[in-house]
Amino acid sequence: MGRHTALHQSLRNLPQRCLRPMAVLCLAAMACATVGWTGASSAADTQHIKIGYLHGPLSKEKISLIDIPAPNEGLAGAQLAIDDNNTTGRFLGQQFELIDSEIKAGDDPAAAVNALADQGAAFIATSLPAAQLLKAADAGKARGEILINGGAPDERLREQDCRANVIHVAPTRYMLADGLAQYLIVKKWRRWFLVSGSHETDKLFAEALRHAATRFGAKIVAEKEFKDTGGARRTDSGIAEVQRQMIDLTQDAPDYDVLVAADESEVFAGYLPYRTWLPRPVAGSAGLVPTSWNAAFDQWGALQLQNRFKKKFQRFMTPLDMQIWTAVRIVGEAASHANTSDAAKLFAYIKSPDFSIAAFKGQKLTLRDWNLQLRQPILLFDGRNTVSISPQEGFLHQVSELDTLGLDRPETKCKLQ
Amino acid sequence: MIDTRVIGHLGLTVLLLASTPAPGFAYTAYVSNEKGNSVSVIDTDTMATVATIKTGERPRGIEASHDGKFVFVAAGDDNTIQIIDTATRKIVGELPSGPDPEQFALDPAGKFVYVANEDDAAVTVIDLETRKAVAKVPVGVEPEGIAVSPDGKFAVCTSETTSMAHFIDTADRKVVANVLLGSRPRAAAFKADGSELWITSEVGGGLSIVDPATHTVKTVVHFEIPGLRSEKIQPVGINITHDGKYGFIHLGPSNRVAVVDGTTHQVVKYLLVGQRVWHGAFTPDGKYLLAANGLSNDVSVIDVAGLKVIKSIQVGELPWGIAMGPK
């Protein structure tokens, strides 16, 4: 009796994902037998599509305890997208499977890419730093692998170092900076005080903010660097020290409307709000932050995705979760419309003008054909709520208003090959 | 730009308040107020709100029984469909809708209710007589719109992330056909003769005209309004006149209802209504269409023959949908 109950319990506790294949087969058989336009397909020729998720370790170096990532950040987005793909796939005789692959920081990803190719995953969603991503793309090229970058915001991956087998879902630093800048211009907060960190990624974001200021007519009235000398983040009894430090950092600037911080490394920006010498709002890496997603976003049906995510993982959905969800959904969406599991045909469809993906942003998202970057609105998040969504009204473009965010076709250095 | 529109709308309202609608129709309209947690009762003779009925949390989908004795309203946050007795205007029971009900539809015989369970990828079938759920049919991700064919043979459910319309055989309660649509399909409605199925798409930005016999998309109607950004034009509710001559498509935050020719599928006219127009209902004589404007907390009255807005009626907070019953 005891054993019986235990077995029953363990069956109940099986993740939905494990039970699904059975259901998929029955339903697919049912659907295909009756749906005219899926033609002669039957359960026997269900299309199987494997998608890899290749990622490095998550950084736990965060200023706020709240921001320390859950161990499955990113992966959870991939898993939910696989569920969603399969719910749709069961009506079309398509079955999706995820293969998770984690590598260490700095490792050569070639072996992992080859292993995914050997297992039959032609599409690989990635969350890797730029250098590792390029190595992965080049290793995958010979095997016909297609990467979908859901993590790296670097312009160079879409510009001089672009690759023909890499689709980009993550917004670039320029897109994020432009989305923020448009709003600051609308608010008439044109005088910026730019404070940037001393790490490479901080410098790249600072450069994106400078570019955005020039593009939209803001003026950087002062610039300052915050040197990471170690030990700046959370420490016991650090509050009083930080308060004094932030006053020192901000007190000798000429008058400005908004402090714009570039601190991807999470060394200081989180300490700026309410601690600046002058009472001014903070934006960029803290305060008003441009992102692809936030856990409070509920427009355009997003509430349904948030609910689905929370029900499955018992936590909030982060920008990385959303970017990886979108990466995996792109493959599912292409498979529904192109009605194939052939990777080359799916990739051709994704690159065609017919392709678009709905990602709860109120409009269809499409790829820039010159560098395979996903066009997307940028959410401005105050840590609690979505303050605004860019592009802002009045920022016009002859092709798509979404192309007012990030480098545009005439400026591109990308030659896809 | 927004200011001018608002002023325009208000001006129109003030102007039209002075004119009285033609007398001689006596129906009752029930408006679900999503934020007010209530149903406003409108007497269509006087075109005024005459009562407010408290409901459960977040009432959205609303339908009347065919005999007019009951109004059913989906209280999403309470995970139930409440039953209002139209004679006493009291809640007299509920239907086991499954989680977070939004849109639902009655079959022509008035025997079964089909409910889209948004968070559950399923359609729940409820027997109205026993008030019990008799089946749960798995559909695509985020089921939203639902409609039953005039012959009662099929219930059609749209799923937003899957981007399909699923045809459910009402006898077997199984999905028998699927149609791939523009992104994020919303509401669905059949022509009264069953010849066409109309489905709005939020992100696809259009209206798909589907042939229910062959399960194919015949054409897609697109909406463009000069001076408005495309994401402000979100097609939602559909009301097709009984003779199939016109379809009225509620275009959400564009504050317009589009009039689509039922034969040529061309947009004939855009009617300026209140803010964020969502769903509507015809008076049973077909003379008037009432449209719920979520953000302006009112209902626009459209003269169907004249294709013009003749009045607006104040209701509760965030009106979502409308059901029509006898007086």
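Y274(A) is placed in the loop between β8 and β9 of chain A. The model described here is predicted. Y274(A) is not a glycine, yet its phi is positive, at about 70 degrees. Most residues other than glycine have a negative phi, and most peptide bonds are trans. Because Y274(A) has 10 C-beta neighbours inside 10 Å, it counts as exposed.

A second residue of this kind occurs in chain B. M47(B) is a residue other than glycine with a positive phi, near 50 degrees. The loop between β2 (38-43) and β3 (48-54) of chain B holds M47(B).

P391(A) is in the segment after β14 (386-390) of chain A.

Helix α7 of chain A covers residues 200-216. Its 17 residues, at 1.5 Å a residue, should span 24 Å, and the distance of 25 Å between its end C-alpha atoms therefore agrees. The buried residues of α7(A) are D202(A), L204(A), F205(A), A206(A), A208(A), L209(A), A212(A), A213(A) and F216(A). They pack against α6 (173-186), β6 (191-197), β7 (219-226), β8 (258-262) and β9 (282-284) of chain A. After α7(A) comes G217(A), with a positive phi near 85 degrees.

For α9(A), the 12 residues should span 16 Å at 1.5 Å a residue, and the end C-alpha atoms are 16 Å apart, which agrees. Buried positions in α9(A) are A302(A), Q304(A), L305(A), Q306(A), R308(A) and F309(A). Helix α3 of chain A is included in what covers these buried residues of α9(A). Q314(A) follows α9(A) and has a positive phi, near 55 degrees.

## Helix pairs involving α10(A)

Two packed helices are described by the angle between their axes and the distance between the axes. The table gives these values for two pairs.

| Helix pair | Angle between axes | Distance between axes |
|---|---|---|
| α3(A) (75-89) and α10(A) (319-338) | about 25 degrees | 7 Å |
| α10(A) and α11(A) (343-351) | about 100 degrees | 9 Å |

Helices α3(A) and α10(A) pack at an angle of about 25 degrees. That angle makes α3(A) roughly parallel to α10(A). The crossing of α3(A) past α10(A) is right-handed. On the α3(A) side, the residues in contact include A76(A), L80(A), I82(A) and D84(A), and among their partners in α10(A) are I324(A), W325(A), V328(A) and R329(A). By class, this contact of α3(A) with α10(A) comprises 10 nonpolar, five polar and three charged residues.

The pair α10(A) and α11(A) packs at about 100 degrees. The helix α10(A) is therefore roughly perpendicular to α11(A). From α10(A), I330(A), V331(A), A334(A), A335(A), H337(A) and A338(A) meet K345(A), L346(A), Y349(A) and I350(A) of α11(A). The contact of α10(A) with α11(A) has eight nonpolar, one polar and one charged residues.

## Contact between the chains

Between the chains, 21 residues of chain A are in contact with 23 residues of chain B. On the side of chain A that touches chain B, the elements giving two or more residues are α2 (16-34), α3, α9 (302-313) and α10 of chain A. The largest share of that side, four residues, is from α2(A). Its residues divide into six nonpolar, 12 polar and three charged.

Technical notes. Residues are numbered from 1 along each chain as its sequence is written. Chains are lettered from A and ligands numbered from 1 in the order in which they are written. This is a predicted model: local features need pLDDT of at least 70, side-chain atom pairs count only at pLDDT 80 or more; totals for chains, interfaces and linings use all residues. Axes are lines fitted to C-alpha atoms, for helices over the stretch in contact, and angles run from 0 to 180 degrees between N-to-C directions. Angles under 35 degrees count as roughly parallel, over 145 as roughly antiparallel, 65 to 115 as roughly perpendicular and the rest as oblique. A crossing is left-handed if the near helix is turned anticlockwise from the far one by less than a right angle, and right-handed if clockwise. Two residues are in contact if their C-beta atoms, placed from the backbone, lie within 7 Å. Ala, Val, Leu, Ile, Met, Phe, Trp, Tyr, Cys and Pro count as nonpolar, Asp, Glu, Lys and Arg as charged, and the others, Gly among them, as polar. The expected span of a helix is 1.5 Å times one less than its number of residues. A residue is buried if 20 or more other C-beta atoms lie within 10 Å of its own, exposed if 12 or fewer, and partly exposed in between; C-beta atoms are placed from the backbone.
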